[in-house]
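Please look over the sequence and the model before reading on. The note below is meant to be read beside them.

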Amino acid sequence: MARIVMKFGGTSVADLDRIRNVARRVKAEVDKGNEVAVVVSAMAGVTNQLVGYCQSLSPLFDAREYDAVVATGENITAGLTAIALQELGQDARSWQGWQVAVETDGEHGKARIESIDGDELIERMKAGQVPVMAGFQGIGPDNRITTLGRGGSDTSAVALAAALRADQCDIYTDVDGVYTTDPRIVPNAKKLSKITYEEMLELASVGAKVLQTRSVELAMKERVRVQVLSSFADIPGTLVVDEEEVVEKEIVAGIAYSRDEAKITVRRVPDRPGIAAAVFVPLSEANINVDMIVQNVAADGTTDMTFTVGKTDMARALRCLEQSKSEVGFAEITSDPNVAKLSVVGVGMRSHAGVAGTMFRTLAERNINIQAITTSEIKVSVLVSAEYTELAVRALHTAYGLDA
């Protein structure tokens, strides 16, 4: 007998027929003798609709009331899923975040989970009941409903699995696992049977949208075994596990891309100590995340600073920089939203040289100019013009021998 948390995303519960399918999958696991808890997202499109209501009433809405509104989508799905399970003869009960006591910090709209008390749900599961928890939500220190940000139900599921001391957390979605790259761009991309926490975290952070980044961080911290699999096909998925469980470590596990980047260049900045802080501290104080940074020093004592921000943050970043122009003393700012970040990820890079060289050579052979570079122990990322995204992904996938 195993204890399993099963999480179902928005497409998996998009309508009543799919909710019935979810109930059948859950009942099948219970019938095998397993203890099961379920975490659900809102039905596909519902959260967007609720967000739209808030924005239509007020562009500067109260974040606490926003959370109260958007959290209702998951509440509806949890109740409907419990009803569907009961209709199959399975004892089930829905739970909202505040009832489970998913305690979070007070950052409404992007709260972080601080603790979950799983004792009550464990007792219910031992008695044969299936708890169905509304994902994406918790309760803040002011006793108000909080939400965890987009994709937060993944984090809810992993956190619940840790609290319940579950053997595994199964994330059901509209894809049947983690692939070496986006199969829509590279049809012969391979599905991975296993991937390490570190690789999945890097892939999620640089554009792969299979799992929310924070859910992978939490899984790695709590050592929760996570499986990504399809709600619509009864086939094995991809396990996200410790590096020790992956016997055959590939040099490169996958290629990710993101078109959500924008490039900003601050030109002819005085080259003096503290100038980088003068540029980037105001951006940090405005909660604008900066990613890739390149600095070029000229012979005349000035420097150009190029960096990337999220495309949705570009306008705020430009306004923030203009406000600090007198302090920084730059000549001009240029921006380009038509860029893409390409990333090569793999734990095998630690022990193999030449991974970056292969990337640079492959892009050069196709006349794709590299605008910025950043690296970590298991990742190399480059910034290129967005028009070359698909060509670059296909070329790199082949160059690293990842084609099926």
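1. Basis. This is a predicted model, in which local features need pLDDT of at least 70, side-chain atom pairs count only at pLDDT 80 or more, and totals for chains, interfaces and linings use all residues. Residues are numbered from 1 along each chain as its sequence is written, and side-chain values use heavy atoms, with hydrogens and water left out.

2. Overall form. The protein chain has 14 helices and 20 strands; helices (H or I, at least four residues) and strands (E, at least two) are DSSP runs, numbered from the N terminus. Along the principal axes, the C-alpha atoms fill a box of roughly 75 × 50 × 30 Å.

3. Of the 404 residues, 51% are buried (under 20% relative accessible area; exposed is over 50% and partly exposed lies in between, with a 1.4 Å probe and protein chains only). Among contacts (heavy atoms within 4.5 Å) with a separation of 6 or more, 75% join residues 24 or more positions apart.

4. Helix 3. Which residues of helix 3 are buried? In this helix, residues 63-70, they are Tyr-66, Asp-67 and Val-70. They fall within an arc of 100 degrees seen down the helix axis, so they line one face of helix 3; the arc is that of the directions from the helix axis to the C-beta atoms. Their cover includes helix 2 (46-57), helix 4 (72-87) and strand 8 (145-147).

5. Helix 10. The buried residues of helix 10 (residues 275-285) are Ile-275, Ala-278, Val-279, Phe-280, Pro-282 and Leu-283. They pack against strand 14 (261-270), strand 15, strand 16 (302-310), helix 11 (314-323) and helix 12 (325-328). After helix 10 comes Asn-287, with a positive phi near 60 degrees.

6. Asn-296. This residue lies in strand 15 (residues 290-297), one of the elements that the buried residues of helix 10 pack against. Asn-296 counts as partly exposed because its relative accessibility is 46%. Leaving aside neighbours within four places in sequence, Asn-296 is in contact with Thr-302, Thr-303 and Asp-304. From Asn-296 to Thr-306 is 10 residues in sequence and 8.4 Å in space, C-alpha to C-alpha.
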